[in-house]
Amino acid sequence: MLLVRSSHARFGWRLRLLGGNAALTIGALIVLGWLVVALTAPLIAPYDPIFQDATARLQSPGWLHPFGTDNFGRDVFARVLWGARIDLQISFLGVIFPFMIGASVGAIAGYFGGVVDMLLMRIIDIVLAFPFLVLMLAIIAILGPGLSSFYIAMALVGWISYARLVRSQVLVLKHADFAVAARSLGFGHMRIMGRHLLPNAILGSVVFSMSDAVLVLLNGAAISYLGLGVQPPVAEWGIMVAEGQGFITTAWWITAFPGIAIVSLAMGFSFLADGLGEWLGVRE
Amino acid sequence: MNATKTNRKPLLDIEDLSVEFKVAGGLVPWKRRVLRAVNGVTLSVHAGETLGIVGESGSGKSTLGRAVLRLGELTAGKVLFEGTDMAKATPSDLARLRRATAMIFQDPYNALNPRLTVGEAIGEVLRVHRKVPAGDVKARVSELLQMVGLAPELAARKPSGLSGGQCQRIGIARALAVEPRLIIADECVAALDVSVQGQIINLLIELRERMGVALIFIAHDLALVRRLCDRVAVMYLGRVVEEGPTAEVFAAPRHPYTASLLRAIPEIDPDRPLSSELLPGDPPSPLNLPRGCAFHPRCALAEARCAEDPPPPLRRRGDHLSACLLDNPT
Amino acid sequence: MSAGPVLSVRDLTVSVARDEGWRPIVDGVSFDLQAGQILGLVGESGSGKSMTCRALMRLLPGARLAITGGSIRLGEEELTALDEAAMRKVRGGQIGMIFQNPSSHLDPVMTIGAQIAETIRFHQGASRREAMRQAIEVLRQVGIPDPTARAGSYPHEFSGGMRQRAMIAVALACQPKVLIADEPTTALDVTVQAQILRLLLDLRDSKGLSIIFITHDLGVVSQTCDSIAVMYGGRLAELGPKRDIIRAARHPYTAGLIRCQPGAAATGTYLETIPGQPPTVDAMPSGCRFHPRCPRAGETCREHQPAFISVDLGHRAACHFPEGPGQEAAR
């Protein structure tokens, strides 16, 4: 995508990348970088992320342990690399389910309108009436701690933003000439919704999903921090921050490096959201 | 309905069709007001015939077109298409209507899904209606594109890379894919350049001759209507005020509104100055229809009785109908 | 007022920035506007007619557009040399502009009277009271009934035709010498269009206003204008007195446009057309830009840009093989 769009002039691609859409380029590079790290973690990590070396506890960053070690003697660098697998998974699965549920609900509500719309919108109002985090914590508390509970909770709570976005788009688009044309040509409701309205209505949601990924990532980290998400000793950035906080004055590296990882991935998504928005011509 | 063609049943028979919208009121938001967009319209179209519907904005001409194809709501009246009242259509009646009619829109870009290629857009119609076997879709798309004067290679392109005229031709090709017996063209050249308008009008004339498709041509441009249409209906604020053979209506309009519309056409003639008999004011809001003949507040000939309800009915003289009290058919 | 033209445009070039460099979208346009004259600027989409007039106001939309050559003289003043502050005084003060869509050019949350008064106060420094008195007077001049009451109305309370009148009032608030009208009647119904055209003619007669009237409608032009300039592909194709242009067009494009009009021919007969479509900025033909669509085009037309030369008194055309008297038989 990045190279294809910009390869026609000799020095064109370089200029295009930075001058054309810097946010998209930087965002994509950061996220792609973490993806590569996640995929190759077993190959590039110098240590086993849960191996405890009792002889090397709380080592400060150095040649042997670039990011130092934690209070159990685990290598922080290896744990940050392995953590990318979990955290990318969290941001992907935590977004895709709400996206799909929300887009379908929004499309149906916007397209059919009337009673269907009213009913679905009231459900959204009910979900909205509870504070986001409280509702999520309650659901996780009922289902029991763990990542799958977190995904279910995200899906149950997170879809409303997508539903509202897609619904408002569909409400506008269904009166556009091409949608009326589709009706005049005798197409069925599912075809009009799926093939004509949705592909045009979800652009805004795609952009939003990138900034949503940031929130999900931070939520996932927060939930793990509270002990309701990923369980120790699995390497996950949120847990690492939580576990390291007792040592923040004596061994800052235990919290700092996973913290930096969270922030950089979040920034990557956020740049990607900006860049995609510009690229697709969507204004949020 | 039509005096000269009594032997043949019309393809489309619109009887007393009304479309009303409920609009939230001005000062009292809970008190909804009724907007009468189309008000008791009776018209008919025979197979292969071209009917022009002209009027200013707010005359209800587009609403009428959409209601006839059941793309918009209708409040009362009948729409007999090949004998079936589509106002009370069952789903299978509607499916039949869709297979026999098509619409061409004003904005050529907006009428095409921006994410589908030209080939996909036209092919979709062929597939949904099973017009040709799946293997022949591509060939038929090429054939349709050539029929509207486009290169078959355009099938791979998306609308955003094409000109307005090309997009309008694609809209027409897509309409033809249905193999319709009736096409409603809603201001289909208004958004195009002058030099391209003529190309599209010629295409419509050609298709009509080759395929015998009936056409309802909704437009505000009277000069184009005169060139294209067999009959013309003039609408003002939701009512048909005059209807008849195009040549007759243009040569001897019987309703003062038609006459002033004709006077206002800017013709290319450097020696013909702007008409001094200008119609005053703007058309009133359809939310607030004047009593009696809706045209009387702007009419130079209006008398006291013109402001009395009910509005004057359409009266026939030969093939030519008009709804003016001062016009005495004998 | 001097005897010379009110507005004199020479070799005006407006370009758009592309990766490869500047690309002209208005290319060497020259014309004069005399006092009290109405000049019709006719062209299709992409002909550069609107861009020319935006350039006259130095109101080019977007940072990628710029005036890259030529001069615009308003009386003794060279507009291309003015800074932004001085240009603001020219806009509205000496040149007024009206648009196709009044709704998007009037402030929806300000009364019509206040919008006109604001312009008067900015340009003439009049007192609030005096400005409002003048605003009501301007509204009366553009034919708004009961102007004192209507001055307190908001744009949405006006009908389409009245809104267009209100925009004309805003443009004329400070008695500019020149009015640029960009498709002012395109969005209006024919009967209302006729009223607005009549108003513009009356204003010209009563105030000696000079008007540049941009339109794609040759009918409107032939009813209102004194001279006609036809643009194609960013260049002037033909320029001359109205009668000469309509009765004896020399450029094949102008002639084709006139023949394209539906006119009063019999129902069901084919219209004359110009084949193809207008070129776009990024795909301008070489030589004469009309040659791919021109029935008279020859080898020369493909290679050489025709000069904009005089073909008759005050009548110029840019064509290697112009139509004209005596040419008809030769064809």
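Helix α9 (residues 203–225) of chain A packs against helix α11 (residues 253–280) of chain A at an angle of about 170°, with the axes 8 Å apart. An angle over 145 degrees counts as roughly antiparallel, and α9(A) and α11(A) are therefore roughly antiparallel to each other. On the α9(A) side the contact is made by A:L203, A:V206, A:V207, A:M210, A:S211, A:A213, A:V214, A:L217, A:L218 and A:A221. The α11(A) side contributes A:I262, A:L265, A:A266, A:F269, A:S270, A:L272, A:A273, A:L276, A:G277 and A:L280. By class, this contact has 17 nonpolar, three polar and no charged residues.

The model is predicted. Chain A has an average pLDDT of 84, and 92% of its residues score at least 70. Over residues 1–18 of chain A, however, the pLDDT is below 50; this stretch has 16 contacts in the model beyond near neighbours in sequence.

## Chain B

An open sheet of eight strands in chain B has the order β6-β7-β8-β3-β9-β10-β12-β11, with mixed pairing. Its edge strands are β6 (101–104) and β11 of chain B, each of which pairs on one side only. Neighbouring strands of this sheet are turned against each other by 20° on average, direction ignored.

How much of helix α1 (residues 61–68) of chain B is buried? Eight of its eight residues are buried, so the helix is largely enclosed by the rest of the structure. The buried residues of α1(B) are B:K61, B:S62, B:T63, B:L64, B:G65, B:R66, B:A67 and B:V68. After α1(B) comes B:R70, whose phi is positive, near 60°.

Two loop residues of chain B also have positive phi. B:E82, which is not a glycine, has a phi near 50°, and B:L237, also not a glycine, has a phi of about 50°. B:E82 is in the loop between β4 (76–81) and β5 (84–85) of chain B, while B:L237 is in the loop between β9 (231–236) and β10 (239–245) of chain B. Are these residues buried or exposed? A residue is buried if 20 or more other C-beta atoms lie within 10 Å of its own, exposed if 12 or fewer, and partly exposed in between. With 16 C-beta neighbours inside 10 Å, B:E82 therefore counts as partly exposed. B:L237 has 25 such neighbours inside 10 Å and so counts as buried.

A cis peptide bond is found from B:D309 to B:P310, with omega near -5°. B:P310 lies in the loop between α9 (256–264) and β11 (315–317) of chain B.

| Site | Angle |
|---|---|
| B:R70 | phi near 60° |
| B:E82 | phi near 50° |
| B:L237 | phi about 50° |
| B:D309 to B:P310 | omega near -5° |

Chain C has an open sheet of four strands in the order β2-β1-β4-β5, with antiparallel pairing. The edge strands are β2 (21–33) and β5 (77–78) of chain C, and each pairs on one side only. Strand β1 (residues 7–18) of chain C pairs with strand β4 (residues 65–74) of chain C in the antiparallel sense over eight bridges. C:R10 stands opposite C:S71 in β4(C). Helix α1 (residues 49–56) of chain C lies across β1, β2 and β4 of chain C and runs at about 75° to β2(C).

The contact between chains C and B takes 45 residues from chain C and 38 residues from chain B. On the chain C side, the elements that give two or more residues are α6 (160–172), α7 (190–207), α8 (218–224), α9 (242–247) and α10 (252–260) of chain C. Which element gives the largest share of this side? Helix α7(C) does, with nine residues. By class, the side of chain C that touches chain B has 18 nonpolar, 19 polar and eight charged residues.

One residue of helix α7 of chain C is C:R198. Leaving aside neighbours within four places in sequence, C:R198 is in contact with B:L274 and B:L278. With 17 C-beta neighbours inside 10 Å, C:R198 counts as partly exposed. C:R198 and C:L313 are 115 residues apart in sequence and 29 Å apart in space, C-alpha to C-alpha.

How values were computed. Residues are numbered from 1 along each chain as its sequence is written. Chains are lettered from A and ligands numbered from 1 in the order in which they are written. This is a predicted model: local features need pLDDT of at least 70, side-chain atom pairs count only at pLDDT 80 or more; totals for chains, interfaces and linings use all residues. pLDDT is the predictor's confidence in each residue, from 0 to 100. Two residues are in contact if their C-beta atoms, placed from the backbone, lie within 7 Å. Ala, Val, Leu, Ile, Met, Phe, Trp, Tyr, Cys and Pro count as nonpolar, Asp, Glu, Lys and Arg as charged, and the others, Gly among them, as polar. Axes are lines fitted to C-alpha atoms, for helices over the stretch in contact, and angles run from 0 to 180 degrees between N-to-C directions. Angles under 35 degrees count as roughly parallel, over 145 as roughly antiparallel, 65 to 115 as roughly perpendicular and the rest as oblique. Two strands pair if DSSP finds at least two bridges between them.
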